[in-house]
Amino acid sequence: MPLVTTESMLLDAQKGGYAVGAFNAENMEMVQAITEAADELCAPVIIQTTPGTVRYAGLDYYLANTAAAAERIPVPVAMHLDHGDSFSLAVQALRAGYTSIMIDGSRKPLEENIALTKAVVDACRPNGIPVEGELGQVGGKEDDLEGERAGYTDPEEAVRFERETGVSSLAVGVGTAHGVYASTPVLNVGLIDELKARLTVPMVLHGASGLSDEAIQACIRAGICKVNFATELRVAYTHTIQSYLSQNPGAIDPKQYCAAGREAVKTLVKERILVCGCAGRAR
């Protein structure tokens with residue numbers, strides 16, 4: 001089916017008490033893995049690209065891959081710009097045909113974050129494209145940006161942010177981090193509960209790679225409606241190919257080792273869809 005936006009996906013998740021899995025794709029094989037997993041589990045799914053990924057090949061390449069894969073399956077697929085780092089990139093993604101846009105002004109002072117996010121919302125609204133904002137930093141490294149530590153979302157600021165920007169969803173800081181965790185993170189699930197009571201828009205959890213199933217599900221029960229996975233997909237894809245080439249040193253056909261990587265990512269995505277509780281929700 002054609003690409004859809006994330007708006008109804010996340011509102012349905014908010015009503016149903018589950019989360020939609022959002023998976024970062026770096027190449028065609030990862031797009032195939034994600035959409036095949038969603039199809040087999042009858043789950044709505046979001047495919048994402050970061051600014052760094054976009055710089056590697058371009059918005060049009062990734063959009064074309066995802067649109068082609070979506071047309072082959074009967075479940076909803078959305079194409080999302082993850083951590084858009086400028087108004088310019090957000091508008092480029094909008095014009096390219098992305099069906100969901102994130103603008104991340106979380107490293108800016110609150111006033112600047114609100115102004116930037118509102119500008120992107122205003123640009124996307126006439127086209128019916130939802131916008132995800134971020135308030136409260138997620139630690140670790142995402143693309144070329146590295147946060148010193150996680151910054152928790154302030155509930156009072158969140159209420160103001162939602163009201164003044166008009167965002168469709170909000171990524172919140174609750175103790176997660178991008179990248180590989182060096183130690184077990186301490187998640188503030190109670191903060192998610194408090195934010196849910198005060199906000200109307202669906203909330204998003206970034207930095208979920210490496211979190212336990214139980215931790216993710218606790219966040220979903222508290223009110224998270226979209227969960228992002230990136231690093232663990234890269235790890236699964238790369239390590240599987242490394243293992244394949246180690247066991248088959250004469251291999252020269254990329255189709256062989258990339259297929260192995262694709263299968264590893266597909267298996268992982270299916271596991272995460274089940275953890276998010278969105279399997280069967282595309283019926």
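Gly 133 stands opposite Leu 170 in E8. Strand E5 (residues 131-135) and E8 pair in the parallel sense over four bridges, where pairing takes at least two DSSP bridges between two strands. Helices (H or I, at least four residues) and strands (E, at least two) are DSSP runs, numbered from the N terminus.

This is a predicted model, so to speak of local features takes pLDDT of at least 70 and side-chain atom pairs count only at pLDDT 80 or more, while totals for chains, interfaces and linings use all residues. Residues are numbered from 1 along each chain as its sequence is written, and side-chain values use heavy atoms, leaving out hydrogens and water.

Zooming out, eight strands form a closed barrel with parallel pairing, in the order E1-E2-E3-E4-E5-E8-E10-E11. From one strand to the next, the twist averages 30 degrees.

Now for the helices lying across strands. Angles run from 0 to 180 degrees between N-to-C directions, with axes fitted to C-alpha atoms, for helices over the stretch in contact (heavy atoms within 4.5 Å).

| Helix | Lies across | Angle |
|---|---|---|
| H2 (residues 28-40) | E1, E2, E3 | about 165 degrees to E2 |
| H9 | E10, E11 | about 150 degrees to E11 |

In helix H8 (residues 189-198), Leu 191, Ile 192 and Leu 195 are buried, meaning under 20% relative accessible area with a 1.4 Å probe, protein chains only. Seen down the axis, the buried residues of H8 fall within an arc of 100 degrees (taken from directions to the C-beta atoms), so they line one face of the helix. They pack against H7, E8, E10, H9 and E11.

Conventions:
Buried < 20%, exposed > 50% of the residue type's maximum accessible area, 1.4 Å probe, protein only.
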